[in-house]
Amino acid sequence: MSSHHSAHQAYTERTVPFVTDDGIELNLIHIRGDKRPDKGPVILVHGAGVRANIYRAPVEICIVDALISEGYDVWLENWRGSIAFAPNLWTLDQAALYDHPKAVQTILAETGASSLKAIIHCQGSTSFMMSAIAGLVPEVTTIVTNAVSLHPVVPDWSKFKLQYMVPLVRQMTKYLNPHWGVHAPGLAAKLISLMVNLTHHECNNAVCKQVSFTYGSGFPALWRHENLNEDTHEWLKEEFGAVPLRFFQQITRCVQHGHLVSFQDFQELPKDFTAEKPRTDARFAFFSGEKNLCFLPQSQIQSFNYFDALRPDYHSLHLLPEYGHLDVFMGKNAATDTFPLIIAELNKS
């Protein structure tokens with residue numbers, strides 16, 4: 001069953017290209033159901049080394065279905081970290097400065113709306129948080145963030161990998177690619193695949209195992225197997241691609257500082273994202289799976305506490321007991337466990 005029709009209605013889908021100020025061609029996927037949306041636009045921002053499609057797992061009801069039936073106008077952003085495009089040495093700074101603000105402007109121009117809401121995940125979330133704090137997306141009023149935002153906190157094993165293994169791997173390759181589990185071109189890819197296969201025995205899905213090696217600690221790291229249906233576990237094989245080691249250098253720096261810091265010298269972005277008050281009035285709803293082994297729940301707890309101290313009783317925090325990282329969106333029961341909470345937050349204001 002294709003996820004596009006999973007809510008038992010036909011969707012129209014169009015790709016809206018846009019070009020960033022530094023000349024990169026990106027796009028938005030605009031999805032509509034039968035009835036005209038009456039709730040305004042919402043942008044969904046994917047994580048690192050995946051693409052906009054990650055929000056459309058082959059489950060009975062995916063988050064796109066849920067949003068459309070709730071009356072939202074759904075826009076999925078493919079930013080420069082998307083595997084829909086040729087691999088490039090992107091940074092969170094570039095995404096924050098060039099990609100998300102342009103995506104937001106494009107949606108507002110296309111819809112005629114004056115504001116919009118956002119659902120952001122993982123490195124789509126950290127980079128979008130940077131855009132928000134730097135005052136680059138003032139039209140965004142509500143931001144639902146999953147897994148990590150301003151304070152990346154990772155398990156000890158991930159810290160070890162970031163500190164010691166990334167510099168080693170960087171001497172062999174500029175990218176890591178979980179798809180090497182299916183096809184490993186070249187020596188670096190073969191060595192890493194071998195290492196993963198020797199250490200990961202949690203399932204027979206080579207990509208699933210590579211994803212765990214690449215993005216966290218645990219077996220598996222980005223979801224709990226019991227939360228995924230068979231189709232989704234299989235579908236994942238084609239949904240992960242190249243991620244630059246340059247990104248891991250940046251996240252290592254952020255983890256060491258305890259919060260987001262710039263990697264490049266863009267004047268429009270603060271060097272330290274906690275140094276001054278955020279230049280956004282957006283209301284944040286922080287989500288984390290309590291069993292997240294990519295970014296610990298502490299990440300979102302700290303970010304919530306930070307924003308709550310600045311404006312008490314405005315933001316919110318949701319810890320999801322039986323969830324990990326991406327299963328918050330693609331779990332077989334997410335439609336009853338997590339989507340209603342996400343939608344309630346979007347509906348609040």
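I take buried to mean under 20% relative accessible area, exposed over 50%, and partly exposed in between (1.4 Å probe, protein chains only). The model is predicted: local features need pLDDT of at least 70, side-chain atom pairs count only at pLDDT 80 or more, and totals for chains, interfaces and linings use all residues. Residues are numbered from 1 along each chain as its sequence is written, and side-chain values use heavy atoms, with hydrogens and water left out.

Entry on N27. I looked up N27 and counted it as buried because its relative accessibility is 14%. N27 belongs to strand β2 (residues 25-32); helices (H or I, at least four residues) and strands (E, at least two) are DSSP runs, numbered from the N terminus. Leaving aside residues up to four places away in sequence, I found N27 in contact (heavy atoms within 4.5 Å) with T15, V16, P17, F18, L76, E77, N78 and F85.

Entry on α4. I noted that S158, K161, L162, M165, V166 and V169 are buried in α4. These buried residues pack against β7 (175-176), α5 (186-199), α6 (206-215) and α8 (245-257).

Entry on α6. I recorded α6 as largely enclosed by the rest of the structure, because nine of its 10 residues are buried. The buried residues are V207, C208, K209, Q210, V211, S212, F213, T214 and Y215. They pack against α4, β7, α5, α7 (230-235), β8 (243-244) and α8. At the start of α6, I found a side-chain oxygen of N205 within 3.0 Å of the backbone nitrogen of V207.

Conventions: Polar contact = N/O pair within 3.5 Å; in protein donor to acceptor, adjacent residues only side chain to side chain.
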